[in-house]
Amino acid sequence: MHRQVSRRTIFAFIGPAVIGLSLVGIAPLLYAVWTSLHFYNLTKLKRVEFIGLENYWKVLTDEVFWQAMGRTFFLLGTALPLQIALGLIIALVLHQPGLTLLKTLGRLSLVLPMATTYAVVGLLGQVMFNQKFGVVNQLLGGANINWIGDPNNAFFMIIFWDVWQWTPFVALVLLAGLTMVPVEIEEAARLETKSNWVLLRFVQLPFLVPGLVAVLILRTADTLKLFDMVFTLTRGGPGSSTEFISLMIQRVGFRGFDQGLASAQAVILLIITIVLAQLYIRVFYKEV
Amino acid sequence: MNSARPLWPQIILLIVIITVCVFPFYWMVTTSLKTQIVALEAPPVWLFEPTLANYFEALFEDGVLQTLINSLIIAICTTILSLILGVPAAFALARFEFRGKKDLWFWFITNRMVSPIVLALPFFLIARNLGLLDKHVTLILIYLTFNLPIVIWIVTDQFRGIPYDLDEAARLEGASQITIMLKICLPLAMPGVAVSAIFSFIFSWNELMYGLILTRTDAKTAPAMAVSFMEGYNLPYGKIMATSTLIVIPVLIFALIASKQLVRGLTMGAVK
């Protein structure tokens, strides 16, 4: 179906996007690599000097960096299973016939958390989880839990908001998968078995797999990117209990002013991301 | 077969889902209508005399209005720019055959996954050296890194769905590729273009990190403004929630308009 057209025509169509994205997406990366090879501190700009791979060596042997990385994947490992389990329940309920009006309302309300500004989610967290006048402690029967000031509670709170914001996304992805199951197959299977579990495992699951893999990889990328919500809610604290990888790099670069070291951390994060992205696209988008 | 099962567990579950999704918004809006004294009552009160004072103070005394205008300018400009650059690229990816197409496409999409902090560090240094800190154009440009991939993905997908015969017929009449794109394919691809524009707008409007790092006062975005209320001990909770409400309402409206396409956009088409 495709047609051979002149190189000039192709360039005229695609060139502007390529040049534009190179200027904002690649040029800065090259500059980050350059910075990462230098001692580059915002408070000591007279002393920018080439130090080779020293920053990289520092990062690779830095316990704090790997702790932040581990914390990031720990968040993914706790929040994602919850999102998938709850998302599946919601999707199965919405997929049942009947109660059309209530289900339409349900589906529309699922859209709200996903679209909410991440920074606002963090601010809402501050207000609702406040120890003294927060509504969460009130709803827990006048509990006096210090959510924001205690390391474990703060981490739990981050999980809570991540689950609140992204379970709807998982639910809608899985619901899309469920609607792909041909009606005849589902009805034939219902004649064979009364067990919803058997139906889910052997009839519906194959249709859910593409969505589940998409969720897995997108949530991985988004957890590596996670910044706005945590920054407004806890700023990575107390201590470093909620300091995920993007927050840590931001702290080193802009609050510690060590742009060289932060750039080396960023380059390493980028490499990890690209490996994951390769995997993502290999698995899914066989197109073009 | 469903008549055998009672409906009430389903009804309860649905009500729980709706409540959990909506309650934070209810709390946000009601808190924004409380005076500082009411907002700091412990335990929190549910019934009180609402006031719009927080909105007036935030908008007209603290400069939230200006930051909302900044966010609006930035989100609209970056969306238009993404469409101008992205639509022809999407047309080429959907209609032409050329070497390196796969790699190019891969690169466009990978940009969606890169953590913004990776670009924020060098972009900050470059903008500082070029005197581009605190300028709208800086954010308009850097937001292309996530908006262009979205536009290219969704619109390429849409172009592919348009029958090729239409192009062919027009070409026999002597139409150029640009004419074919603008006059024949683009009108048919409008649903995809509109959805990608909505996404582009939502992502730009919601963004905080770049706004925090690359702006100070003149180009400060609304989310960055909301965060700057968080300094000091006696936090103005009512005002923070009023600002949050003003930020969130436009995105919620857009998201509800595009709700059918939301999943498709967020998974970049992996799920339709």
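Among contacts in chain A (heavy atoms within 4.5 Å) between residues at least 6 apart in sequence, 66% join residues at least 24 apart. This is a predicted model, in which local features need pLDDT of at least 70, side-chain atom pairs count only at pLDDT 80 or more, and totals for chains, interfaces and linings use all residues. Residues are numbered from 1 along each chain as its sequence is written, chains are lettered from A in the order in which they are written, and side-chain values use heavy atoms, with hydrogens and water left out.

**Chain A as a whole**

The order of elements from the N terminus is α-β-β-α-α-α-α-α-α-α-α-α-α-α. Along the principal axes, the C-alpha atoms of chain A fill a box of roughly 75 × 70 × 30 Å. Of the 288 residues of chain A, 54% count as buried, where buried means under 20% relative accessible area, exposed over 50%, and partly exposed in between (1.4 Å probe, protein chains only).

**The interface**

Next, display both chains. The contact takes 111 residues from chain B and 105 residues from chain A. Between them the two chains bury about 9700 Å², 77% of it on carbon and sulfur atoms; buried area is the accessible area (1.4 Å probe) that two parts lose on being put together, summed over both. Helix α1 (residues 8-32) of chain B gives the most to the side of chain B that touches chain A, with 15 residues. Zero salt bridges are found across this interface, a salt bridge being a side-chain nitrogen of Lys or Arg within 4 Å of a carboxyl oxygen of Asp or Glu.

**A:F227**

Select A:F227, in the loop between α9 (196-225) and α10 (228-233) of chain A. A:F227 is buried, with a relative accessible area of 2%. Leaving aside neighbours within four places in sequence, A:F227 is in contact with A:S246, A:L247, A:Q250, B:M209 and B:L212.

**B:S204**

Move to helix α10 (residues 177-206) of chain B, where B:S204 is placed. B:S204 is buried at a relative accessible area of 5%. Beyond its neighbours within four places in sequence, B:S204 is in contact with B:A75, B:T78, B:Y143, B:F146 and B:N147.

**Salt bridges**

Over all chains, the count comes to nine salt bridges. Select B:K239 and B:D62, whose side chains meet in one of them (2.9 Å, N to O). B:K239 lies in helix α13 (residues 237-257) of chain B and B:D62 in the loop between α3 (53-61) and α4 (64-95) of chain B, so the pair ties together parts that are 177 residues apart in sequence. B:K239 counts as buried at 14% relative accessibility, whereas B:D62 is partly exposed at 28%.

Then select B:R95 and B:D167, which form a salt bridge with the closest N and O atoms 2.8 Å apart. This pair links helix α4 of chain B, which holds B:R95, with helix α9 (residues 164-172) of chain B, which holds B:D167, 72 residues apart. B:R95 is buried at 4%, and B:D167 is buried at 0%.

Return to chain A for A:D162, A:R219 and A:D222, which are linked in a network of salt bridges.

**Cysteines**

Finally, select B:C77 and B:C185. B:C77 is partly exposed, with a relative accessible area of 32%, while B:C185 is buried at 0%. The structure holds zero disulfides over all chains, a disulfide being a pair of cysteine sulfur atoms within 2.5 Å.

Conventions: Helix = DSSP H or I, 4+ residues; strand = E, 2+ residues; numbered from the N terminus.
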